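Good morning, and thank you for the time on today's agenda. Please look at the structure as I show it, and I shall then take you through several of its side chains.

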Amino acid sequence: MNSMHGSRPIRQSMLQSIRDVIKDANEEKEKDTLAHQFGNQLQMGTTREKKLLNDLEFKRQMRYMTEHPLPARMPKYAELTVHDTKSFALSVVDDVWDGSVQDAFSRIIVNKSLLGGKIQIKKQYTETPGIRRIIDANSAKHNGKGIIDIERPRVVVSSVAKEAGMQGVSAGDVVSHINGDEFLGTADDLRYLIGETAEGTTMTFAFNADQAVAEALRRRSLNFEG
């Protein structure tokens with residue numbers, strides 16, 4: 001009897017210990033749950049804050065680009081391998097620069113007619129207050145095209161193959177430099193140069209690093225400083 005009565009307090013003590021362990025475990029679980037929920041709330045708050053900051057930064061950048069727009073075509077560089085004249089990575093056509101800074105903000109559109117394959121070049125210009133400020137910067141005559149030179153012939157890209165396209169070259173780009181030298185020739189001159197280059201040779205091209213774009217970028221920096 002004494003043994004049985006003596007074991008009862010032990011069992012009760014063990015049960016109480018088990019209850020305490022379960023209670024402690026439940027309390028820890030509840031703490032973990034609350035911490036997890038709080039963490040999610042913090043994360044959601046942080047995500048919302050990041051999104052708000054990203055939206056504000058995007059709006060700031062858009063406002064900046066509206067006030068200080070870049071030229072419609074920007075300088076590019078490409079390395080193109082000569083295989084043969086017929087399969088070269090780009091085709092070119094003759095064009096004329098009107099000597100203006102406005103030309104840098106004009107999109108050059110090259111179209112090839114279905115009948116006869118005649119190539120037509122159009123200049124698409126859209127005026128904005130930001131562009132107008134750049135053209136007029138450091139210019140004696142305002143509200144004009146920003147003439148800085150006489151009309152000059154130039155060569156523009158009429159179509160591209162995969163090798164040139166993968167390097168960002170597109171129709172309407174102005175061929176400005178070849179193998180590090182300024183190119184002032186005609187489309188025929190360029191075709192002849194490619195034809196005279198040994199197969200397997202890599203030629204380097206710079207596009208849109210022409211006088212109009214260079215002056216537009218210079219005036220943009222002056223406008224920004226002002």
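Predicted model: local features only at pLDDT ≥ 70, side-chain atom pairs only at ≥ 80, totals over all residues.

**An aromatic cluster, a buried arginine and a leucine patch**

One aromatic cluster is formed by Phe 88, Phe 205 and Phe 207. Residues are numbered from 1 along each chain as its sequence is written, and side-chain values use heavy atoms, with hydrogens and water left out.

How many aromatic pairs does a search of the whole structure find? The search finds 2. Rings of Phe, Tyr and Trp (its six-membered ring) pair if their centres lie within 6.5 Å; planes under 30 degrees apart count as stacked, over 60 as edge-to-face and the rest as tilted. The rings of Phe 88 and Phe 205 have centres 6.0 Å apart and planes at 45°, so this pair is tilted. Phe 88 lies in the loop between strand S1 (76-81) and strand S2 (90-97), and Phe 205 in strand S8 (residues 202-207), so the pair ties together parts that are 117 residues apart in sequence. The rings of Phe 205 and Phe 207 have centres 5.8 Å apart and planes at 10°, so that pair is stacked. Helices (H or I, at least four residues) and strands (E, at least two) are DSSP runs, numbered from the N terminus.

Phe 88 is buried at 7%, Phe 205 is buried at 1%, and Phe 207 is buried at 0%.

I turn now to an arginine. Arg 132 lies in helix H2 (residues 129-136), and its relative accessibility of 12% is why it counts as buried. Leaving aside residues up to four places away in sequence, Arg 132 touches Gln 102, Tyr 125, Glu 127, Asn 143 and Gly 144, where contact means heavy atoms within 4.5 Å. From C-alpha to C-alpha, Arg 132 and Glu 67 are 10.0 Å apart in space, and they are 65 residues apart in sequence.

Finally, Leu 56 lies in helix H1 (residues 2-67) and is partly exposed, with a relative accessible area of 48%.

Notes
Buried < 20%, exposed > 50% of the residue type's maximum accessible area, 1.4 Å probe, protein only.
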